[in-house]
Amino acid sequence: MVPTATCRVCAGTVTEFMDFGRQPLSDAFRDPADTSEEFFYRLAVGACADCEMVQMMEEVPRERMFHEGYPYYSSGSSVMRDHFRSTAQKLLAEHAAGDDPFVVELGCNDGVMLETVARAGVRHLGMEPSTGVSEVARDKGVRVRNAFFEKATALRIREEDGPADVVYAANTFCHIPYVDSVLEGITALLAPGGVFVFEDPYFGDVSEKASFDQFYDEHFFLFTATSVRNMARRFGLELVDVERLPTHGGELRYTLAREGSRTPAPAVGALLAEEDKRALTSPEVLSSFTRRVGENRERLVEELRSLRDQGRRVVGYGATAKSATVLNFCGIGPDLLEFICDTTPAKQGRLTPGSHVMVRDHGAFTDSYPDYALLLAWNHAEEIMAKETGFRDAGGRWLRYVPDVRTT
Ligand SMILES: [Zn+2]
């Protein structure tokens, strides 16, 4: 029997198509001296037959994920800093040009986007449950409230600050299983002509590239234009624009507005038609995805074992949240990876969750280049390869696993 679950959007039946087994929390980096038991959950994903939403079969309690020590800083990459600066300029020009506009961001992280809004002198509010990153945002002059966003919070914001012209969320909305409360809150908070703009990993890219590590504890949903359109309708909202983004290995930016308030851009109809043609959530396409992922796992493990047997030095590059899925799903531990280098100080000197590979600073990589580097941060591949020309010059090779296993 294939396991099923109840859809978090429409209460339809979600049928499982991929089981990644027992997984730890993706940010639970561990002190080597810590002997306490680790938290694991079953990571499995399915698709709803009614609304086509791709989602996790089981929910991880949110307080376990977004806490004081949440170690991801959006400003860590220069490509992402540029991305958010231009996003802020675009939002201000297109949606906040009226008198005294108000911009709200859900999950504002370290203020990388709102910083530009604040500098423009525009009223704004960032919602951010993780206190560590939000302190950094405050230092940039960004107004932050430490709370999860839900209906009650939205009503309070509207009472205190008035309606919002723009609600924006990057890599946040797909984290939230309780969509009802969030979308009801957004509907209550938006001005009549306001927009909800959000960007998240696109299941169309995941399906095409077999980028299975887009599934981890924080990504409860993997959206498509079709599933977002279906979800929006339930809350009196309409999908009025879509834009493909190269960020994080392939994302989509969705713009929702009150039903009938705007004419949808031609890109919406075009992408819906394309998704229809690809039949992204049909049983045939999903089972082909599952098969490709299984084959890539086998080839990656074979490659790593073969390199070890040849006495090659192999390290991981980037102890990303995604890497928790790859390492635990493939059973890659310290026997196959000497260490993983990462520039985030909070991760250094710690073991990766579940798989227990030591994380070391970037210098550990450059001081003595390995023979191979497993590119775990593949979504930043271009930026990383441009930065690490010394590694290639020293004869080093990159080992990649998306869209398939290859050395470059
Ligand atoms: Zn559904």
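How much area do domain 1 and domain 2 bury between them, and what share of it lies on carbon and sulfur atoms? The model is predicted, so that local features need pLDDT of at least 70 and side-chain atom pairs count only at pLDDT 80 or more, whereas totals for chains, interfaces and linings use all residues. Residues are numbered from 1 along each chain as its sequence is written, and side-chain values use heavy atoms, with hydrogens and water left out.

The chain is divided into domain 1 (74–283) and domain 2 (284–407), with bounds that come from an automatic or database domain assignment. Between them the two domains bury about 2000 Å², 63% of it on carbon and sulfur atoms, where buried area is the accessible area (1.4 Å probe) that two parts lose on being put together, summed over both. On the side of domain 1, Phe212, Asp213 and Pro283 lose the most area to domain 2, together 34% of what that side buries. Contact, defined as heavy atoms within 4.5 Å, links 24 residues of domain 1 with 20 residues of domain 2.

The zinc ion is coordinated at 2.3 to 2.4 Å by the SG atoms of Cys7, Cys10, Cys48 and Cys51; donors are N, O and S atoms within 2.8 Å of the metal (3.2 Å for Na, K and Ca), and water is not among the atoms, so sites may look incomplete. In sequence, the donor residues follow the spacing C-x2-C-x37-C-x2-C. Angles of 101 to 116° among the four donor atoms accompany a tetrahedral site, a term that requires all angles of four donors to lie between 85 and 135 degrees. Both Cys48 and Cys51 are buried, that is, under 20% relative accessible area (1.4 Å probe, protein chains only).

Key
Tetrahedral: all angles 85-135°; square planar, octahedral: opposite > 155°, others 65-115°. Buried < 20%, exposed > 50% of the residue type's maximum accessible area, 1.4 Å probe, protein only.
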